[in-house]
Amino acid sequence: MATERTLSIIKPDATRRNLTGKINAKFEDAGLRIVAQKRIKLSAEQAGKFYEVHKDRPFYGELVEFMASEPVVVQVLEGENAIAKNREVMGATNPANADEGTIRKEFALSMGENSVHGSDAPETAKEEIAFFFSGLELVG
Ligand code: ADP
Ligand code: MG
(Lines give C-alpha, C1' and ligand atoms only; values in the text may rest on other atoms or scores of the structure.)
(Ligands and ions follow the chains in the order given, each with its own letter.)
Protein backbone atom coordinates (compact mmCIF):
# COMPACT_ATOMS: atom_id res chain seq x y z
CA MET A 1 0.00 0.00 0.00
CA ALA A 2 1.16 3.49 -0.79
CA THR A 3 1.05 6.66 1.24
CA GLU A 4 -1.18 9.11 -0.62
CA ARG A 5 -2.54 12.60 -0.22
CA THR A 6 -6.07 13.69 -1.01
CA LEU A 7 -7.94 16.98 -1.04
CA SER A 8 -10.83 17.33 1.40
CA ILE A 9 -13.28 20.19 1.81
CA ILE A 10 -15.55 20.68 4.81
CA LYS A 11 -18.52 22.31 3.10
CA PRO A 12 -20.60 25.35 4.19
CA ASP A 13 -23.44 23.31 5.72
CA ALA A 14 -20.90 21.82 8.15
CA THR A 15 -18.82 24.93 8.93
CA ARG A 16 -22.10 26.78 9.62
CA ARG A 17 -23.10 24.14 12.19
CA ASN A 18 -19.64 24.25 13.88
CA LEU A 19 -18.82 20.65 12.88
CA THR A 20 -15.19 21.11 11.77
CA GLY A 21 -13.74 19.42 14.87
CA LYS A 22 -16.19 16.51 14.83
CA ILE A 23 -15.47 15.87 11.14
CA ASN A 24 -11.70 16.14 11.65
CA ALA A 25 -11.97 13.56 14.46
CA LYS A 26 -13.52 11.13 11.95
CA PHE A 27 -10.51 11.56 9.64
CA GLU A 28 -7.98 11.15 12.46
CA ASP A 29 -9.81 8.13 13.91
CA ALA A 30 -9.53 6.50 10.47
CA GLY A 31 -5.75 7.04 10.44
CA LEU A 32 -5.75 10.03 8.09
CA ARG A 33 -3.39 12.88 9.03
CA ILE A 34 -4.46 16.48 8.34
CA VAL A 35 -1.18 17.79 6.90
CA ALA A 36 -2.54 21.14 5.66
CA GLN A 37 -5.70 23.05 6.45
CA LYS A 38 -7.21 26.51 6.01
CA ARG A 39 -10.62 28.14 6.34
CA ILE A 40 -11.49 30.28 3.33
CA LYS A 41 -14.50 31.82 1.61
CA LEU A 42 -14.71 30.88 -2.06
CA SER A 43 -15.98 33.30 -4.66
CA ALA A 44 -18.59 31.94 -7.06
CA GLU A 45 -15.93 32.06 -9.76
CA GLN A 46 -13.50 29.96 -7.71
CA ALA A 47 -16.20 27.44 -6.73
CA GLY A 48 -17.28 27.23 -10.38
CA LYS A 49 -13.73 26.55 -11.49
CA PHE A 50 -13.17 23.89 -8.82
CA TYR A 51 -16.35 22.04 -9.86
CA GLU A 52 -15.91 22.68 -13.62
CA VAL A 53 -16.05 18.92 -14.27
CA HIS A 54 -19.75 19.08 -13.33
CA LYS A 55 -20.57 22.18 -15.42
CA ASP A 56 -23.08 20.37 -17.65
CA ARG A 57 -24.92 18.67 -14.78
CA PRO A 58 -28.33 20.09 -13.76
CA PHE A 59 -27.16 20.74 -10.18
CA TYR A 60 -24.05 22.76 -11.14
CA GLY A 61 -25.53 26.23 -10.49
CA GLU A 62 -26.94 25.18 -7.14
CA LEU A 63 -23.64 23.52 -6.17
CA VAL A 64 -21.56 26.59 -7.03
CA GLU A 65 -23.92 28.91 -5.16
CA PHE A 66 -23.84 26.63 -2.10
CA MET A 67 -20.04 26.28 -2.06
CA ALA A 68 -19.62 30.07 -2.25
CA SER A 69 -22.34 30.81 0.32
CA GLU A 70 -20.26 30.57 3.52
CA PRO A 71 -16.72 29.60 4.54
CA VAL A 72 -15.25 26.18 3.81
CA VAL A 73 -12.26 24.39 5.33
CA VAL A 74 -9.91 23.04 2.68
CA GLN A 75 -7.43 20.42 3.81
CA VAL A 76 -4.94 17.83 2.67
CA LEU A 77 -5.29 14.38 4.22
CA GLU A 78 -2.38 11.95 4.15
CA GLY A 79 -2.18 8.23 4.84
CA GLU A 80 -2.15 4.73 3.42
CA ASN A 81 -4.59 4.69 0.48
CA ALA A 82 -5.80 8.10 1.62
CA ILE A 83 -7.98 8.72 -1.46
CA ALA A 84 -10.10 5.57 -1.09
CA LYS A 85 -9.99 5.66 2.70
CA ASN A 86 -11.34 9.21 2.75
CA ARG A 87 -14.15 8.25 0.36
CA GLU A 88 -15.04 5.45 2.80
CA VAL A 89 -15.06 7.78 5.80
CA MET A 90 -17.16 10.32 3.84
CA GLY A 91 -19.88 7.85 2.82
CA ALA A 92 -22.12 7.92 -0.25
CA THR A 93 -22.91 11.21 -2.02
CA ASN A 94 -26.58 10.87 -1.06
CA PRO A 95 -26.69 10.65 2.76
CA ALA A 96 -29.76 8.40 2.49
CA ASN A 97 -27.43 5.76 1.02
CA ALA A 98 -24.45 6.39 3.33
CA ASP A 99 -23.25 3.66 5.71
CA GLU A 100 -23.53 3.96 9.48
CA GLY A 101 -20.64 5.82 11.07
CA THR A 102 -19.74 7.80 7.94
CA ILE A 103 -19.54 11.59 7.95
CA ARG A 104 -22.39 11.99 5.49
CA LYS A 105 -24.63 9.56 7.39
CA GLU A 106 -24.10 11.49 10.62
CA PHE A 107 -23.94 15.07 9.42
CA ALA A 108 -25.15 15.61 5.83
CA LEU A 109 -28.41 17.49 5.31
CA SER A 110 -29.14 16.47 1.72
CA MET A 111 -27.60 15.25 -1.54
CA GLY A 112 -26.29 18.76 -2.22
CA GLU A 113 -25.49 19.89 1.34
CA ASN A 114 -23.51 16.78 2.15
CA SER A 115 -20.83 18.22 4.47
CA VAL A 116 -17.63 17.07 2.72
CA HIS A 117 -15.82 16.83 -0.60
CA GLY A 118 -13.06 14.30 -1.28
CA SER A 119 -10.92 13.70 -4.36
CA ASP A 120 -11.88 10.59 -6.33
CA ALA A 121 -8.58 9.47 -7.96
CA PRO A 122 -4.81 10.12 -7.82
CA GLU A 123 -4.82 12.54 -10.77
CA THR A 124 -7.74 14.61 -9.44
CA ALA A 125 -6.21 14.59 -5.94
CA LYS A 126 -3.01 16.09 -7.33
CA GLU A 127 -4.89 18.77 -9.30
CA GLU A 128 -7.24 19.62 -6.44
CA ILE A 129 -4.42 19.91 -3.88
CA ALA A 130 -2.57 22.26 -6.25
CA PHE A 131 -5.77 24.30 -6.71
CA PHE A 132 -5.70 25.32 -3.02
CA PHE A 133 -2.17 24.77 -1.65
CA SER A 134 1.36 25.72 -2.63
CA GLY A 135 4.28 23.37 -1.98
CA LEU A 136 5.39 25.61 0.90
CA GLU A 137 2.11 24.92 2.73
CA LEU A 138 2.59 21.15 2.60
CA VAL A 139 4.98 20.14 5.33
CA GLY A 140 3.76 16.55 5.84
P1 ADP B 1 -19.07 13.27 -4.54
O2 ADP B 1 -18.97 14.57 -3.77
O3 ADP B 1 -19.58 12.14 -3.67
O4 ADP B 1 -17.79 12.91 -5.26
P5 ADP B 1 -20.15 14.07 -7.14
O6 ADP B 1 -18.72 14.31 -7.55
O7 ADP B 1 -20.99 13.20 -8.01
O8 ADP B 1 -20.22 13.46 -5.65
O9 ADP B 1 -20.91 15.46 -7.00
C10 ADP B 1 -20.26 16.58 -6.47
C11 ADP B 1 -21.18 17.27 -5.50
O12 ADP B 1 -22.28 17.80 -6.22
C13 ADP B 1 -21.83 16.37 -4.43
O14 ADP B 1 -20.99 16.13 -3.32
C15 ADP B 1 -23.05 17.18 -4.06
O16 ADP B 1 -22.72 18.27 -3.18
C17 ADP B 1 -23.47 17.76 -5.41
N18 ADP B 1 -24.46 16.91 -6.08
C19 ADP B 1 -24.22 15.74 -6.74
N20 ADP B 1 -25.35 15.21 -7.24
C21 ADP B 1 -26.35 16.09 -6.90
C22 ADP B 1 -27.75 16.13 -7.13
N23 ADP B 1 -28.38 15.15 -7.82
N24 ADP B 1 -28.45 17.17 -6.61
C25 ADP B 1 -27.83 18.17 -5.94
N26 ADP B 1 -26.51 18.19 -5.70
C27 ADP B 1 -25.78 17.17 -6.16
MG1 MG C 1 -16.81 13.91 -6.81
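A few ground rules come before the tour. Residues are numbered from 1 along each chain as its sequence is written, chains are lettered from A and ligands numbered from 1 in the order in which they are written, and side-chain values use heavy atoms, with hydrogens and water left out. Because the model is predicted, local features need pLDDT of at least 70 and side-chain atom pairs count only at pLDDT 80 or more, while totals for chains, interfaces and linings use all residues.

**The sheet**

Let's start with the strands. Helices (H or I, at least four residues) and strands (E, at least two) are DSSP runs, numbered from the N terminus. Two strands pair if DSSP finds at least two bridges between them. Here, four strands make an open sheet in the order 2-3-1-4, and the pairing is antiparallel. Strand 2 (33–40) and strand 4 (116–118) sit at the edges, each pairing on one side only. On average, neighbouring strands of the sheet are turned by 20° against each other, direction ignored. (Axes are lines fitted to C-alpha atoms, for helices over the stretch in contact, and angles run from 0 to 180 degrees between N-to-C directions.)

Strand 2 pairs with strand 3 (residues 72–80) in the antiparallel sense, over seven bridges. Along that pairing, Lys38 stands opposite Val74 in strand 3.

Two helices meet this sheet. Helix 5 (residues 82–90) packs on it, touching strand 1, strand 3 and strand 4, and its direction makes about 35° with that of strand 1. Helix 7 (residues 122–132) lies across strand 1, strand 2, strand 3 and strand 4, running at about 55° to strand 1.

**A look at Ser8**

Ser8 lies in strand 1 (residues 3–10). Is Ser8 buried or exposed? With 0% relative accessibility, Ser8 counts as buried; the cut-offs are under 20% relative accessible area for buried, over 50% for exposed, and partly exposed in between (1.4 Å probe, protein chains only). Leaving out residues up to four places away in sequence, Ser8 touches Phe27, Val73, Val74, Gln75, Leu77, Asn86 and His117. Contact here means heavy atoms within 4.5 Å.

**Salt bridges**

A salt bridge is a side-chain nitrogen of Lys or Arg within 4 Å of a carboxyl oxygen of Asp or Glu. By this rule the count comes to seven salt bridges, including these:

| Lys or Arg | Asp or Glu | N to O distance |
|---|---|---|
| Arg16 | Glu113 | 3.3 Å |
| Lys26 | Glu106 | 2.6 Å |
| Lys38 | Glu137 | 3.2 Å |

Take the pair Arg16 and Glu113, whose closest N and O atoms are 3.3 Å apart. Arg16 is in helix 1 (residues 12–16) and Glu113 is in the loop between helix 6 (103–107) and strand 4, so the pair ties together parts that are 97 residues apart in sequence. Arg16 is partly exposed at 41% relative accessibility, and Glu113 is partly exposed at 26%.

Next come Lys26 and Glu106, at 2.6 Å. Lys26 belongs to helix 2 (residues 20–29) and Glu106 to helix 6, so this pair links parts 80 residues apart in sequence. Lys26 counts as buried at 19% relative accessibility, whereas Glu106 is partly exposed at 43%.

Finally, Lys38 meets Glu137 at 3.2 Å. Lys38 is in strand 2 and Glu137 in the segment after helix 7, so the pair ties together parts that are 99 residues apart in sequence. Lys38 is partly exposed, with a relative accessible area of 24%, and Glu137 is partly exposed with 35%. As for networks, salt bridges that share partners join Arg16, Glu70 and Glu113 into one.
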